[in-house]
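This short report looks at how two protein chains meet. Please keep the sequence and the structure in view while reading.

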Number of protein chains: 2
Amino acid sequence: MLTHIDLPTTEEEETRLRDYLEDVQPEDIAEYISNLDDRNEQIELIKLLEPDDAAIVFFELNDFSLVSDVLLSLPRWQAMAIAAEIPSDDAADLLADMEDNVRSRVLALFDDEARSDIIELLGYDEDTAGGLMTTEFVVVPAFVTAQKAIEMMRAFAPDAETIYYVYVIDGNSHLVGILSLRELIIAGPETAVADIMQTNVMSVNVHDDQEEVADLMTKYNFLAVPVVDDDEHIIGIITVDDIVDVIHAEATEDFYRMAGINEGEDDEEPTVKGAYLARMPWLLITICGELGSGIVLSGFQARLEQVVALAIFIPLLTGVAGNVGTQSSTVTVRGLAMGTLESGHTLRIVLRETCIGLALGVSVGLIVGGIGSLWQFPLLGLAVGLTLVLNNLMASFMGTVVPLTFKRINVDPAVASAPFITTVVDISGLLNYTLIAAAILNI
Amino acid sequence: MLTHIDLPTTEEEETRLRDYLEDVQPEDIAEYISNLDDRNEQIELIKLLEPDDAAIVFFELNDFSLVSDVLLSLPRWQAMAIAAEIPSDDAADLLADMEDNVRSRVLALFDDEARSDIIELLGYDEDTAGGLMTTEFVVVPAFVTAQKAIEMMRAFAPDAETIYYVYVIDGNSHLVGILSLRELIIAGPETAVADIMQTNVMSVNVHDDQEEVADLMTKYNFLAVPVVDDDEHIIGIITVDDIVDVIHAEATEDFYRMAGINEGEDDEEPTVKGAYLARMPWLLITICGELGSGIVLSGFQARLEQVVALAIFIPLLTGVAGNVGTQSSTVTVRGLAMGTLESGHTLRIVLRETCIGLALGVSVGLIVGGIGSLWQFPLLGLAVGLTLVLNNLMASFMGTVVPLTFKRINVDPAVASAPFITTVVDISGLLNYTLIAAAILNI
């Protein structure tokens, strides 16, 4: 790991630093640069890198203004050398947020082919297959031999991000087959590509959501998947290393949703204001819900005045039921996201979670009921114990049914988050408590 | 997707079904088989598959007893044909859970080389690099030419799981370099491997935890990483597609921990008993904590009797603070897991979250304080509002400091889960409420 680098002051120092940086992983350099506070120091350091390393650092830092600052302050030939090393999909991601006049100056540094690829890629939403794909891939016509295909790849290879699959097209540029490089290499040189290719090719549409693409590639263990337009022409590929980032991002999104945080905390260091805006909405919903809990309790106020010890168990009741509800909703939401729970088997899933909730409720009810009887008085212990059984049953039922229902009506199940479930369970749990306590204590 | 398959009764039907299944993705067949309730039907269907498809179905189903049932009931030659298609790392995972006598009978179906690989792999913990790696990879000595290296790969390729990197070794079998297949193909045929290889090779130790491996591969965007033993000999490789499953599994583990679920719900359809045992511990901790909340309230009982309306706001106070605490702990836990938060910058992270907590607290305090003043009486509204400001400040502080502290003392930060934070925040929040209310209402 890099700890500290002094910017060179003499040419000799500069040469030594360049040599040193060549042996460091560019991802580590990116990490070091991201921790620098001085913009100038960041720029100067990137200028010392080899073009291919600089391109990786740009990708890792994902900071479009740094890219334009560096590229537009370098001599043109040097900026073009770096631009040539940036894959068109990464370039499109970086250029997407630049202002128009900056973007066109940066675009001018790319060669014609790359520029037209980037402009095409800029047209796709970054959360779709189009936003994720690279346009650098290898296609061969179906009629060539394995030997010829390998030669075509040699010519393509310097540009292609991956040559781990070779895509086979017919005369109309339709995707008709796929070959792994391995199959091509072990085939006899004179074999026709059409004879060894697999014709059962799965592809994704350019407008598909990135999450669907990640799920497909995870399920079928693909190293790359071709992207086709609406006319089934192959226009790009998505490789598994791009999917790794999507999987992390989607998991983070679900974590945040489950915790009641809306979009907006993607960046490494979000502003306090951004975080405030992302978190406030669920707090407002919680307040509305918990005012409902308050209304339930205020309806019970006369009885609470008679037996104020009832209030002692309110935090325990809401805490335990919220916990059980969160457990059930987490298992359900994650199971739906991973595809291990199928929304078709609704009844079995709900039945199973309800059984678990009942088992947990009976155990917890016995324990707390016992403690309550000894600590306060037996009838209060009985009321608290019975309420816990009923509340846990209900919490696990809600924690399961709510996300399953959201899934059915095409709302993200992760919206059935901890705050949502907790609030719903609080209101209904306190209603149970007041009814059961009133009946048992005869107040 | 497969909807329904009837097992064939005539030879003609069998041939037709075999042809049909050949065109279906084996992952889809695995999904269909996993939903069958009849063991016999599962076995008969697998027997109809081509050996390579059967091997993928075995991997996908991850059901070791099905594997032994199928392999040991097939004619020996047919079972050996399937065994030959199972990569040694998958085979080791499947054989790990078999009983000794069954395992040795299944092992006998593999050829000598695969058998010794599998026996070696069985020696590694399945959560380590050794448990994840495959022993099928391509090594070439540093002194051969590019042409010769390609020829060696042609010979190796039918066995090697991936030939996307070629590993270069010296005379002592030490890993000295790495080459992508692409670099090999675009190099001149007579170039020595030593001249084109990259010498700065990152590797993982066979005993490294799978999470570390996944983090390393994610960070550096590797398609594969070599695994070395304690003497730096290369003994296997881990490919990015194996890492995708690790990433999903680790995220699921974190989701579960955050929701207060211990290990044990890995399987697709865990038993009610397993789920009960995984969830009960955190409920017990919640109960202990919330009994603490009860003790706080019972110390306040005499005052509650004077102003029973104080009880109305208890669920709102605990609900909101729990929510804020969960938001902060989720952002912190996820940030630590993703490496976007560095535990070195503790002060900045805590300060930032505390600012957010204060901002949220002031907003929420004003809203609820206002409502409380109008609904009940002004001094009660003031007490509730002030408590909310203090509680939210404290909840976001705890939600940040607790996981950071856990990280520092090498406890998984995800243990700072929603139930844990909620419980801690409930007790201290209620303590604040009683103190503030007593002071303001002068009771």
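## Charged pairs between the chains

A salt bridge is counted where a side-chain nitrogen of Lys or Arg lies within 4 Å of a carboxyl oxygen of Asp or Glu. One such pair joins the side chains of A:Asp28 and B:Lys219, with 3.0 Å from N to O, and the count between chain A and chain B is 6 salt bridges.

This is a predicted model, in which local features need pLDDT of at least 70 and side-chain atom pairs count only at pLDDT 80 or more, whereas totals for chains, interfaces and linings use all residues. Residues are numbered from 1 along each chain as its sequence is written, chains are lettered from A in the order in which they are written, and side-chain values use heavy atoms, with hydrogens and water left out.

## Extent of the interface

With contact taken as heavy atoms within 4.5 Å, 109 residues of chain A are in contact with 106 residues of chain B. The buried area, which is the accessible area (1.4 Å probe) that two parts lose on being put together, summed over both, is about 10000 Å² between chain A and chain B, and carbon and sulfur atoms give 67% of it.

## How the copies are related

When the copies are superposed by least squares on the C-alpha atoms of residues with pLDDT of at least 70 in both, a rotation of 180 degrees with 0.0 Å of shift along its axis brings chain A onto chain B, with an RMSD of 0.1 Å. That is the relation of a two-fold axis. The same surface serves both copies, since 97% of the contact residues of chain A recur in chain B.
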